[in-house]
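My entries follow in the order in which I checked them.

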Amino acid sequence: MSAEDLDNYETDAELALYREYRDVIKLFTYVVETERRFYLANKVDFNVRSAGQDVYFDVQLTDAWVWDVYRSSRFVKNVRIVTFKDVNVEEVQKTDIDIPDSLT
């Protein structure tokens, strides 16, 4: 496999992932972003915990979809995220997900 073939494969995989995201976002209520991953979920349980002087986030997602180009199954029943880094949780505004026909 040449370098060009590998680039084309990765580009096609990323485009397929974007198209899947575009199709499934309508099924979810929340967008959750960490430094490592991007998730869609229908339920988010967000807790701030402490360990001595340190504070960390313990986030439970239910009925989730994971943005990961190399994952064979992106739909996940439960996800637990434990991190000392930032976590961003946003409620999806249904009007935000209208994609113009010219982009489909």
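**Burial terms and ground rules.** Throughout I call a residue buried when its relative accessible area is under 20%, exposed when it is over 50%, and partly exposed in between, with a 1.4 Å probe and protein chains only. I note that the model is predicted, that local features need pLDDT of at least 70 and side-chain atom pairs count only at pLDDT 80 or more, and that totals for chains, interfaces and linings use all residues. Residues are numbered from 1 along each chain as its sequence is written, and side-chain values use heavy atoms, with hydrogens and water left out.

**Entry 1, Arg74.** For its place I needed the element rule: helices (H or I, at least four residues) and strands (E, at least two) are DSSP runs, numbered from the N terminus. Arg74 sits in the loop between β3 (54-66) and β4 (75-83). Taking contact as heavy atoms within 4.5 Å, and not counting residues up to four places away in sequence, I found that Arg74 touches Leu17, Glu20, Ala64, Trp65, Val66, Asp68 and Val69. A polar atom of the Arg74 side chain lies 3.1 Å from the backbone oxygen of Asp68.

I then turned to Arg49, which lies in strand β2 and is partly exposed because its relative accessible area is 35%. Leaving aside neighbours within four places in sequence, Arg49 is in contact with Asp54, Val55, Tyr56 and Asp58. A polar contact is a pair of N or O atoms within 3.5 Å; within protein, one must be able to donate a hydrogen and the other to accept it, and residues adjacent in sequence count only if both atoms are side-chain atoms. The side chains of Arg49 and Asp58 make such a contact, at 3.5 Å. I also noted that the C-alpha atoms of Arg49 and Phe84 are separated by 9.8 Å, the two being 35 residues apart along the chain.

Two strands pair if DSSP finds at least two bridges between them. Strand β1 (residues 30-33) pairs with strand β2 (residues 38-51) in the antiparallel sense over four bridges, and a hairpin of four residues joins β1 to β2. Val31 has Leu40 as its bridge partner in β2. Four bridges also join β1 to strand β5 (residues 88-91), and these strands run antiparallel; here Tyr30 has Glu91 as its bridge partner in β5.

I take a nonpolar core to be a set of buried Ala, Val, Leu, Ile, Met, Phe, Trp, Tyr and Cys residues joined through side-chain atoms within 4.5 Å. The largest has twelve residues, including Val32, Tyr39, Phe57, Leu61 and Ile81. The elements that give two or more residues to this core are β2, β3 and β4, and β3 gives the most, with five residues. Apart from this core lies another, of nine residues, among them Val24, Ile25, Phe28 and Val31.

Rings of Phe, Tyr and Trp (its six-membered ring) pair if their centres lie within 6.5 Å; planes under 30 degrees apart count as stacked, over 60 as edge-to-face and the rest as tilted. By this rule I have nine aromatic pairs. The rings of Phe46 and Phe57 form a tilted pair because their planes are at 35 degrees, with the centres 5.4 Å apart. Phe46 is in strand β2 and Phe57 in strand β3, eleven residues apart. Phe46 is partly exposed at 35% relative accessibility, whereas Phe57 is buried at 18%. Trp65 and Trp67 are edge-to-face because their planes are at 80 degrees, with ring centres 6.1 Å apart. Trp65 is buried at 0% relative accessibility, and Trp67 is partly exposed at 32%.

Last, I looked up Asp63, which is in strand β3 and has a positive phi of about 55 degrees although it is not a glycine. Asp63 counts as partly exposed because its relative accessibility is 39%.
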